[in-house]
Amino acid sequence: MTMEYKTLDQNAPRSIYGGKAEGLSWLKSLGYNVPPAIFIPASYGNVGEGDLQPILDSYFPSESMFAVRSSALMEDGAGHCFAGHLQPSLD
């Protein structure tokens, strides 16, 4: 299966990729220093490392360190705010 994805330099509509993707792409377009990122459509649901590996290999240089962040389409909005509830950690 070939997974569809967008990068920071591409339009990542909120309705498909979520607010985090939309916001980071917007900040990048304004000239802010945003680390490289890829966005996977929410419709894929939970994906495994094997599904992501071809994308990671093609987009990030070998031996790169990166973080995986998730975002739900309805994560932050008028009725819900999850900012600061989770603690990311890197190995």
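## Exercises on a predicted chain

Leaving aside neighbours within four places in sequence, L52 is in contact with M3, I40 and V47, where contact means heavy atoms within 4.5 Å. The model is predicted, so local features need pLDDT of at least 70 and side-chain atom pairs count only at pLDDT 80 or more, while totals for chains, interfaces and linings use all residues. Residues are numbered from 1 along each chain as its sequence is written, and side-chain values use heavy atoms, with hydrogens and water left out.

### Exercise 1. Describe the whole chain

Task: give the order of helices and strands in the protein chain, then its share of buried residues.

Solution. 
1. Count the elements: the chain has 3 helices and 2 strands.
2. Read along the sequence, they follow the pattern β-α-α-β-α.
3. Of the 91 residues, 20% are buried.
4. Take the contacts between residues at least 6 apart in sequence: 56% of them join residues at least 24 apart.

### Exercise 2. Find the nonpolar cores

Task: list the residues of the largest nonpolar core.

Solution. 
1. Apply the rule: a nonpolar core is a set of buried Ala, Val, Leu, Ile, Met, Phe, Trp, Tyr and Cys residues joined through side-chain atoms within 4.5 Å.
2. The largest such core has 7 residues, namely L8, A12, Y17, A21, V34, A37 and F39.
3. Another core lies apart from it and has 6 residues, including M3, L52, I55 and F60.
4. As background, nonpolar side chains in soluble globular proteins tend to be buried together.

### Exercise 3. Trace T7 and S25

Task: which residues does T7 touch, not counting those up to four places away in sequence?

Solution. 
1. T7 is found in strand β1, residues 6-7, and is buried at 12% relative accessible area.
2. The residues touched by T7 are S25, A37, I38, F39 and Y59.
3. S25 lies in helix α2 and counts as buried at 11% relative accessibility.
4. With the same exclusion, S25 touches T7, L8, Q10, A12 and F39.

### Exercise 4. Examine the aromatic pair

Task: which residues form an aromatic pair, and what is the angle between the planes?

Solution. 
1. Rings of Phe, Tyr and Trp (its six-membered ring) pair if their centres lie within 6.5 Å; planes under 30 degrees apart count as stacked, over 60 as edge-to-face and the rest as tilted.
2. This rule gives 1 aromatic pair. Y59 and F60 form it, with 4.9 Å centre to centre and 90° between the planes, which is edge-to-face.
3. Y59 is partly exposed at 28% relative accessible area, whereas F60 is buried at 16%.
4. F60 is in the segment after α3 and touches P36 and I38, residues up to four places away in sequence not being counted.
5. The C-alpha atoms of F60 and P36 are 8.4 Å apart, for a separation of 24 residues along the chain.

### Exercise 5. Find the salt bridge

Task: which residue forms a salt bridge with E22?

Solution. 
1. A salt bridge is a side-chain nitrogen of Lys or Arg within 4 Å of a carboxyl oxygen of Asp or Glu.
2. The whole structure holds 1 salt bridge. R14 is the partner of E22, and their closest N and O atoms are 2.9 Å apart.
3. E22 is partly exposed at 34% relative accessibility, and R14 is partly exposed at 41%.

### Exercise 6. Check E63

Task: where is E63 placed, and what is its phi?

Solution. 
1. E63 is in the segment after α3 (49-59).
2. Its phi is positive, about 70°, although E63 is not a glycine.
3. E63 counts as exposed, with 76% relative accessibility.

Conventions
Buried < 20%, exposed > 50% of the residue type's maximum accessible area, 1.4 Å probe, protein only. Helix = DSSP H or I, 4+ residues; strand = E, 2+ residues; numbered from the N terminus.
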